[in-house]
Every structure is written in C-alpha cells, then in structure tokens.
Amino acid sequence: MYKIVDEMAAPVKLRVILGENDSQRLILQDGIPETIGELVQHIKRQCGVEDHFRLQFMDAEFGNEFTNLTSVLEIQDKSTLKLVFDSAPAASALPGGSPPPPCSTPATSWSGDDSSLSFSSLCDTDILSSPESTPSRSSGWPVVFVVPRFPYDCQLQLDKANAAFKESGTLLDPDVRLKTAILDSLAEEIVRYKVYPSDSEFEEVAEALVSSHPCLKEPGSATGYGGWKVSLKYKLANYRRKLKRLGCPEVELNSLTNKPADKCSPAYGVKKPRRAEVNYCPTYPSGESAETLEKIRETLLLEVKKRNNQGTVAAMMEKTFAHRRQEVIRDAPLIADFKTKWPALFCLTAEFKRITTVSLLPKFFSQLDALSSKLMKVFSKKGGGQGRKIKSIMIPITQTDAIDVRRECIIKALCVYLNEEPENLVKEYMNTDGESSEAAMMKTTFGIFVIRKEDAEPKDGPEDVGIILEGVQVLDELGNVPLAVGMLFALVYALNLSYPPELRYTFEALQKLIMELDGNRLSKKIQTLKTLLAR
C-alpha cells in the first residue's frame, strides 16, 4: 500500500531563497500542491515566514532569471523559488484617531472564546511601529561597541593627545573636566542599549575607549584600561540614580520602596534583563499614562472579539506594550488572570520581537535547520544509555522526510544529550485517553501537550499540539512540536518566566545557540556543545 502512495505523490524538494545569503530546503511530502496558495502555506509553515510575499521561480527558458510564478505547473522537483516580500498598510485606526502601523500578515478571525488560542490567531504579525508607540530601544548590545564623539573641545584635546602619542608615545593624564566629559558621554551611549551592563560589557567599553584613543591608556594597569572600567561602573551607578529621579521604570522598579520591608536592601531581587531582552521594562509612549493605556486595554478586550480586526488589535497591542510589560515585571501575575486581561498577548511573534528585536520563527527554524546536521553528528557519538535513547528518538527521521518530524526529533535528542528528559518538555497522550489526559494536563505547570491517534505512523501529524502553563491551556492547534517549542520559548520572554530547573540547559541551548541571544555567556555544558558544533 505504501508503494502505491509513493508513486501517486512522490515527495518533492524545493530550494527556497528567503533573502540575501539565506535559503532553505522545502520538503513537500505529498508532492507539489495543486495551487500556489497551498504552496505559500507550506512555505510559511516550514520556513517560519510571517510576512506577505509573492513567489518567483528560476526560469530556464530565460537564462535562469527569476520570473513571477503564476502556476504550479512551472515548478518540479528540485526547482528554486524566491520570496519577494511586500507589505500592505492596515485600514483600521486606534481609538483617539491615531492611525495604526502597517501590518505585514493578516491573521484569521479572532475568536471570542478565550479558553485557548489557535495557531491561526498567533500570527499577530510584526508591525512597523508608529513614532508614538516605538519602544525606547531598537537594538541590543552591539557586537563591537563604538565610542561616541565627545564634546567638541574634548574631542580636540583628545585628537591632539592621540597625535602626540603616535609621534612620541606620550600618554595623556586627563584632568577632572575632561575625564567627566568622557565618562558622561560613554554612560549616555551605554544606556542606549541597557541600564544594567554586565562586567564583561563594561570591559568592552573601556577597551574600546583606549583602542580609539590610545593616549588614554593607563600605565599602571595590566590591561591599560582597568581604571576606566572601575570609573564607568561608578558613573553608571550615579547615572541610574538620576534616571530613577526622572521616573525611568527600568530603574525605579528596583528602588527600596518597591521591595519587601524585611528585605530592604539594594542588592535584593534586582529586576533586570537576564536573557538579552532589549526592551525589558520600557517607558510609556509620549503623552500616555497608566490610566490612558488602561482604557485602551479595556477597549482592546472588545476589539479582540471582532472579526477581521487584526490591524486595530495589532496597533493597540503595540501602543500598550509598555503598560503590559511593566505589569508583567512588577506584579508577576498569574497566567490565568493575565490571559483574561490580555487575550491578544498570546499572539506571540510580535510581542517577542518587541522585547528582543528578533523575529522569532524565521530565526528559530532557519538556525535549527542550519545546525541539524552538526547536531546529529554530535548526537551519534554519544554512548551508553543516553546514546541508545537518542538513537531511539531519531528513528522517525529514517521513516519520513517531513521537516517537522526531523526538527522534533532533534529537539528531543538535544534534551537527552544535555541530560534532561524530553518528557518534561513534551507530554504525549492518545486520543482515546479522554478524562485521564485532561486531568494530567491540569497538573502541568510548564510544557507542551501532544495528542496523537493510536497506531499513528511518524508521517501522520498529531491531532492537536498546544501549550500549558500553570495548568492553563494557553495555546492549542499549533500543528507540530517544533512550532510549539518556539511558542513556548516566546512565552518565557513575554511573561518573564524562569526556565524550569529540569529543562534549564535545553532552554539555554535554544536561547544562546539557536536564537543566538546573549550567546557569549555560556554554562560549561553549553560551551562544550558549542565547541563540538564548531569543529
């Protein structure tokens, strides 16, 4: 029977060009779809693409130039497709007359039932922020810190001293005024990226300073910039006090007045970005307050129930981002309560991008696929009980070419390789389990549920895939486990959750190796894996 099915619809592999120096293999298990619309859906699902696009194919009749695809008859096995992205502005408007920012992907109708949200609802789409709703930061800590230009007179003094150093090696001993101007400018530049830099980031700034202005090297320091590093730390501490007086929420939330009376210490429970969040606790948009944003939130509860209203909902979610984020950070609300107040939050792709400035699904899937071969090679060398378990997990890859199955096996094998149980991440149930599976789900505090048919083959998709937090089913109908893992990762950021101890290394690997967020600070276990992957 399987042979007949294979002859009727042989699997097809296509090369999809997503952008400059970015392409991906697309596997169509049931052959080429009958319509371009179906092909587009396959591309969105497998490649994690959310934006509007049209398709072009490599046309052999015109010297392999790309031509717009008007019929699926133009493509065959191992054809090359190219995505040409476009955008369309939303037509709705915010309450109060502010036009919404343009949307990049329409989602299907929003459901008034908030018991759970399906995958069609979570494509809330990345939107281009209007000026009044733009978060305070648009990028994370730079790979190379660029020293800013200092005030004109200070820059003249430094240029002259640098010339003298180059000519005779003479070092500059800056006076108090010059040193203060340098530290003030550096502090302002640092706060553009984060208010609480790490020790290594202070070192990067100090090193960049003496590299740009070698006349400022310190003769008594082993590195030449040790004193500058210490001075920067003191300067930032003073700068944070100034920001607190001005009402900066990222600093104000750590004031002593916001801490328990019995633990009133500056070092207790400091709330700051720990997973490369760029907009951890942003300020309110210009002209807005907690009261005005709360009114928008109340209106949003009505708007989210309307059909074909994604543009308005997306714009209102963008507008209320700071209000929502401050509530998450300050109050750490229960999942059930927060889901009731913010049902549209669980459209996660846009929220994740607001927090990190990184596109969730394209990054997650492309990097996971790029590392899959190397990961499989590393897994194959694992021996003992872990090695046997990994081999058992990887068996479905030999039975089907489905990309979702391959990704799921790699993620589960990664858990085992890191000495963690994949069952703590993905909990599987049969569709015949009924009430017993529902009772087990109610006891789940953090994880993914998968409901499968009895005797299902690896190529058979699950009946349902969803996410449970604190016993609350927050998402369902996700379609496959890899997508659910990406959504669960995004929920950790959106709700400011901690990684569960039993899965800390798996999520560290997802964050730092797959999503490449804060990838320079690794635990010993993840550093070892990264070294093996680099060989």
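Reader: At 15% relative accessibility, does Lys 229 count as buried or exposed?

Author: The general idea is a pair of cut-offs on relative accessible area, found with a 1.4 Å probe and protein chains only: buried is under 20%, exposed is over 50%, and partly exposed lies in between. Lys 229, at 15%, therefore counts as buried. This is a predicted model, in which local features need pLDDT of at least 70 and side-chain atom pairs count only at pLDDT 80 or more, while totals for chains, interfaces and linings use all residues. Residues are numbered from 1 along each chain as its sequence is written, and side-chain values use heavy atoms, with hydrogens and water left out.

Reader: With which residue does Lys 229 form a salt bridge?

Author: A salt bridge here is a side-chain nitrogen of Lys or Arg within 4 Å of a carboxyl oxygen of Asp or Glu. The partner of Lys 229 is Asp 199, with 3.0 Å between the closest N and O atoms. This pair links distant parts of the chain, 30 residues apart, since Lys 229 belongs to helix H7 (residues 226-245) and Asp 199 to helix H6 (residues 199-212). Helices (H or I, at least four residues) and strands (E, at least two) are DSSP runs numbered from the N terminus. Asp 199 is partly exposed, at 40%, and a network of salt bridges joins Asp 199 and Lys 229 with Glu 203 and Lys 233.

Reader: Where do Lys 363 and Glu 516 lie in the chain?

Author: Lys 363 and Glu 516 form a salt bridge whose closest N and O atoms are 2.3 Å apart. Lys 363 sits in helix H14 (residues 360-380), whereas Glu 516 is in the loop between helix H19 (504-514) and helix H20 (524-534), so that the two are 153 residues apart and link distant parts of the chain. Both partners are partly exposed, Lys 363 at 24% and Glu 516 at 43%.

Reader: What are the relative accessible areas of Glu 189 and Arg 192?

Author: Glu 189 is buried at 13%, while Arg 192 is partly exposed at 49%. Their side chains meet in a salt bridge, at 2.7 Å from N to O.

Reader: How many salt bridges does the structure hold?

Author: The structure holds 26 salt bridges, in a chain with 20 helices and nine strands. Of the 535 residues, 49% are buried. A contact means heavy atoms within 4.5 Å; among contacts with a separation of 6 or more, 63% involve residues 24 or more positions apart.
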